[in-house]
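Biologist: I'm new to this one and would like to learn how to read it. Could you walk me through it, feature by feature?

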Amino acid sequence: MNRLRLSVGVAGLVVSGPLQASLDGNLPPMHLPTDGGGTDGDWLSLVRGYIADGAIVLGLALGVLGLLWIAYTALAKFNACRAGQAEWSELGVLGIAGAVVLLLVMFLLAQAAEVFA
């Protein structure tokens, strides 16, 4: 029972700070999207700007996942080569193909970022 009271008390303290700040009007200013939309009170351009920023962040996350996947595959192929289950030339081909795929993905993400920006 004491843990429950302590949890409720801590939760009340955590929530009361931002709530009091919002009532006093002391919240920090909202960051506008990178394209500058929403400065004149136009909510539609504000939402469109945040969606564009989110699309760019999603594209960057996709690029990072691609890099991690190719690195994981290269490490797995390297371990197979060390164990004698694969040829070393397979690792070289995977490295070249992985580099080409990553360059293509990064190029396409840069083009998409220009479209959204």
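Biologist: Let me start with a charged residue. Is D53 buried or exposed, and which side chain of opposite charge is nearest to it?

Modeller: Before that, keep in mind that this is a predicted model. The general idea is that side chains of opposite charge can pair when their charged atoms come close. In this case D53 is buried but has no salt bridge. The nearest side chain of opposite charge is R48, and that one is 12 Å away. A salt bridge needs a side-chain nitrogen of Lys or Arg within 4 Å of a carboxyl oxygen of Asp or Glu.

Biologist: Where does D53 sit, and what does it touch?

Modeller: You'll find D53 in helix α2, which covers residues 43-82. Leaving aside residues up to four places away in sequence, D53 touches P33 and T34.

Biologist: How many salt bridges are there by this rule?

Modeller: The count comes to 1 salt bridge. K77 pairs with E90, and their closest N and O atoms are 3.1 Å apart. K77 belongs to helix α2 and E90 to helix α3 (residues 88-116), so the pair ties together parts that are 13 residues apart in sequence.

Biologist: How accessible are those two partners, K77 and E90?

Modeller: K77 has 25% relative accessibility, so it counts as partly exposed. E90 is partly exposed too, with a relative accessible area of 35%.

Biologist: Let's zoom out. How many helices and strands does the chain have?

Modeller: The chain has 3 helices and 0 strands. Reading from the N terminus, the order is α-α-α.

Biologist: And how should I read helix α2 itself: how many residues does it have, and what distance does it reach?

Modeller: Compare the end-to-end distance with what the residue count predicts. α2 has 40 residues and reaches 58 Å from first C-alpha to last, close to the 58 Å expected at 1.5 Å a residue. After α2 comes G84, whose phi is positive, near 85°.

Biologist: How do I see which parts come together in space?

Modeller: Look at C-alpha distances alongside separation in sequence. V64, in helix α2, is 42 residues from M106 in sequence, yet their C-alpha atoms are 9.7 Å apart. V64 has 46% relative accessibility, so it counts as partly exposed. Among contacts between residues at least 6 apart in sequence, 29% join residues at least 24 apart.

Biologist: One last feature, the surface. Which residues make a nonpolar patch?

Modeller: M30, L32 and Y50 make a nonpolar surface patch of about 290 Å². M30 lies in the loop between α1 (2-24) and α2. Its relative accessible area is over 50%, at 56%, so M30 is exposed.

Definitions and conventions: Residues numbered from 1 in each chain as written. Predicted model: local features only at pLDDT ≥ 70, side-chain atom pairs only at ≥ 80, totals over all residues. Heavy atoms only, no water. Helix = DSSP H or I, 4+ residues; strand = E, 2+ residues; numbered from the N terminus. Buried < 20%, exposed > 50% of the residue type's maximum accessible area, 1.4 Å probe, protein only. Lys, Arg positive; Asp, Glu negative; His and termini not counted. Contact = heavy atoms within 4.5 Å. Patch = residues over 30% accessible without salt bridge, like charges linked within 9 Å, V, L, I, M, F, W, Y side chains within 5 Å. Areas by Shrake-Rupley, 256 points an atom, 1.4 Å probe, with all protein chains shown as cover. Expected span 1.5 Å × (residues − 1).
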